[in-house]
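Subject: A structure for you to look at

Hi,

Here is the structure I promised to pass on. Have a look at it first, then read my notes below.

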Amino acid sequence: MEFPGFLGNQEVKQSLSTAFSSGRFPHAVILQGEKGCGKKALAALIAKALACRNKERAPCGQCPSCIRAAAGSHPDIRVIQGGGATGALTVEAAKEMLEDAYRMPEEADYNIYIVHLGSRTLDPAQNKLLKLIEEPPKGGVFLMLCPSAESLLPTIRSRAQVFTLRPPEEKEAAQWLVENCGASSPRAQELARLCGGNIGRMREELEGGSAGQAYAIAVEMADAMLAAGGHRLLKACAPLQKNRALFQEVLGRLELIFRDACALRCKGEELLGGAPEAADKLCVLPMSRLILLPEIAESYRQKLERNANGSLLATCLCAELAR
């Protein structure tokens, strides 16, 4: 299996390629990872490879199946979108997929479903999805995308092969941005540092996104947690009170910094957040406190998704982090 344009994640690519070459590709795959790490891009490549007529070098990019897959018009590849603020799979979408999955493929050897689960797919929709992967129809392949597999039912996780995607090295990501988006080399390197090599976020920032501002606020908040009193923390958090999108971005960045701090405290070396200095400073905290921080960031992200008051949330978040 080929992975043109998909950077990093060598172990994931090797596992998928081995499964494809052996003819034992799993019927259920979960691709998990932060926003912008390439879940959609990899799922599209897998779907194209499964539909490709050239099994020696799939996806070849040249056969009629690859051309239709690239155009989004292949009859055996279906994209199941989530809905709402969280992008969660709905019961209605899961029901339609359940009804459709037992048809015979029209051209390929498989019926391929790229299923966007979002961050909080409710149990009723997950239970319908479980019926499909528990007793899968012949030729059915389900590529499920979500930020974290921990948000899914254990019964779904146990019946699927889970792959965690991570951003490529910053140097590699910067080079990609120069070659594919026309960014200057200094700007690409700056964005790679700000976004931790996350290409999706780098592209958003290049187009006027808020990744740089979110990075700066998250680092300032992490530093302010160690300051006496909560005034500096409240000041750093002030821009978030009336900007929900920025608030979400900062919470995601904070969660990565907190996870990296836990990893550093345990002598780990593989970091995700792109702010190692901020994570390292937090290591003065005892592990019993550090381990609570990622969960705090995630809980406030979920509250924000449920449309809680932004000003109140920001104040409560600062109080909890300071405590």
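Let's start with a term: a nonpolar core is a set of buried Ala, Val, Leu, Ile, Met, Phe, Trp, Tyr and Cys residues joined through side-chain atoms within 4.5 Å. Buried means under 20% relative accessible area, exposed means over 50%, and partly exposed is in between (1.4 Å probe, protein chains only).

Before the findings, some ground rules. This is a predicted model, where local features need pLDDT of at least 70 and side-chain atom pairs count only at pLDDT 80 or more, while totals for chains, interfaces and linings use all residues. Residues are numbered from 1 along each chain as its sequence is written, and side-chain values use heavy atoms, with hydrogens and water left out.

The cores

The largest nonpolar core has 51 residues, and those touching the most other members are Met221, Val250, Ile257, Leu282 and Leu321. Helix α12 gives the most to this core, with nine residues. (Helices are DSSP runs of H or I with at least four residues, strands are E runs of at least two, and both are numbered from the N terminus.) Try clicking on Leu321: if you skip residues up to four places away in sequence, it touches Met221, Met225, Leu233, Phe258, Leu293 and Ile296. Contact here means heavy atoms within 4.5 Å. Another core lies apart from this one; it has 33 residues, including Ala19, Leu42, Leu143 and Leu165.

The cavity

Helix α12 (residues 244-265) turns up again here, as it gives the most to the lining of the largest cavity, with four residues. A cavity is a set of points on a 1 Å grid over the protein atoms alone where a 1.4 Å probe fits but cannot get out, and lining residues have an atom within 4 Å of a point. Grid points are joined across faces, edges and corners, and the volume is the space filled by probe spheres set on the points. The count is one cavity of 30 Å³ or more, and the largest holds about 40 Å³ of space. Glu34, Arg201, Glu249, Gly252, Arg253 and Leu256 line it. That makes one nonpolar, one polar and four charged residues. (Ala, Val, Leu, Ile, Met, Phe, Trp, Tyr, Cys and Pro count as nonpolar, Asp, Glu, Lys and Arg as charged, and the others, Gly among them, as polar.)

The salt bridges

Side chains of opposite charge can pair when their charged atoms come close. A salt bridge is a side-chain nitrogen of Lys or Arg within 4 Å of a carboxyl oxygen of Asp or Glu, and there are 13 in this structure.

One of them joins Arg68 and Glu107, at 2.7 Å from N to O. Arg68 sits in helix α3 (residues 64-71) and Glu107 in the loop between α4 (91-100) and β3 (111-116), so the pair ties together parts that are 39 residues apart in sequence. Arg68 is partly exposed, at 26% relative accessible area, and Glu107 is partly exposed too, at 37%.

Glu190 and Arg187 also form a salt bridge, at 3.1 Å from N to O. Both lie in helix α8 (residues 185-195), three residues apart, which is about one turn of the helix. There is also a network: salt bridges that share partners join Asp76, Arg78, Asp100 and Arg103. Within it, the closest N and O atoms of Asp100 and Arg103 are 3.1 Å apart, and both of these residues are buried.

Enjoy exploring!

Key
1 Å grid on protein atoms, 1.4 Å probe; cavity = no way out; pocket = protein on both sides within 12 Å on 5 of 7 lines; lining within 4 Å.
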